Amino acid sequence: MPSEISKYRELLNKALDELIVTDANGDLLGGFEKAVALIIEATLACQERGGESIYIGNGGSVAICNHAALDWSNMAGFRTRLFFGDAHLTCRTNDYGYENVYSKPIKTFATNNDLLIAISSSGQSANILNGVKAARAVGMPVITLSGFADDNPIRASGDVNIYVPVDHYGLTETEIGRAHV
C-alpha cells in the first residue's frame, strides 16, 4: 500500500509541475503559481465591478465549483453563483436539454460585470462549452480549467485557460481543485 500512495503522490506532483496557463491567444502565461494569481486577480476585479463569480462544471467538477464558491463567499464575502442543484438541473434539462443547462441561466442572469469559471476535466462537455459561449455573448471574462487532451476545445475558449496535462479524472480534478481553491 505505501508504494501505491507514493506513486500517486509522485503523479500529483508531476501534474502540478506540468500545469500550463495560457491566454485567449494560446500564449503561455506560466504554471501553477500564475494560475492561482490570475484566478485571484480576476475574482477581485469581478467583485470591484459589482459582479458575481459564476461556476459551472459536471460531476466531480461541480464539487470543486461548490467548494470554491462557498470559500470565496464565506471567507471573503464575495458574491458567487451556482447554477446547479436538483430542481435547477432537472428543470433546465427537461425544458432546454442538458447541453443548455448552463447557457440558458447565463443568458438570463449574467452580465458583463460577472466572471465565469468553467471547469471540465475532459474539456469537451457540450453544456460547459455552451456555457462559455453564452458568457462570451454577454461579454463576461472567462477562466477555464481542464485536463486530458491538450487540444480539448475548452482550453482555447477562455481569457485564461488552466490546463492539467493528465488523462486521469482523479488527478485532473485534484490539480484543478488545487489551482482554484
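In helix 1 (residues 2–18) of this predicted model, Glu18 and Lys14 lie four residues apart, and therefore about one helical turn separates them. The two side chains form a salt bridge, with 3.1 Å between the closest N and O atoms. Both partners are partly exposed: Glu18 has a relative accessibility of 32%, and Lys14 has a relative accessible area of 47%.

This contact is one of four salt bridges in the structure. Another brings together Glu52 and Arg81, at 2.8 Å from N to O. Here the pair links distant parts of the chain, 29 residues apart, with Glu52 in the loop between helix 2 (32–48) and strand 3 (53–56) and Arg81 in strand 4 (residues 80–82). Glu52 counts as buried because its relative accessibility, 10%, falls under 20%, whereas Arg81 is partly exposed at 27%. Arg79 joins these two residues in a network of salt bridges.

A further salt bridge connects Arg136 with Asp159, the closest N and O atoms being 3.1 Å apart. This pair, too, links distant parts of the chain: Arg136 belongs to helix 6 (residues 126–138), and Asp159, 23 residues away, to the loop between strand 6 (142–146) and strand 7. Arg136 is partly exposed at 33% relative accessibility, as is Asp159 at 32%.

Turning to the strands, strand 7 (residues 160–163) runs antiparallel to strand 1 (residues 20–23), and four bridges join them; Ile20 stands opposite Tyr163. Strand 1 also pairs with strand 2 (residues 28–30), again antiparallel, over two bridges, with Thr22 partnered by Leu28. Four residues separate strands 1 and 2 in a hairpin, and Gly26 in its turn has a positive phi of about 85 degrees.

Note on methods:
Residues are numbered from 1 along each chain as its sequence is written. This is a predicted model: local features need pLDDT of at least 70, side-chain atom pairs count only at pLDDT 80 or more; totals for chains, interfaces and linings use all residues. Side-chain values use heavy atoms; hydrogens and water are left out. Two strands pair if DSSP finds at least two bridges between them. Buried means under 20% relative accessible area, exposed over 50%, partly exposed in between (1.4 Å probe, protein chains only).
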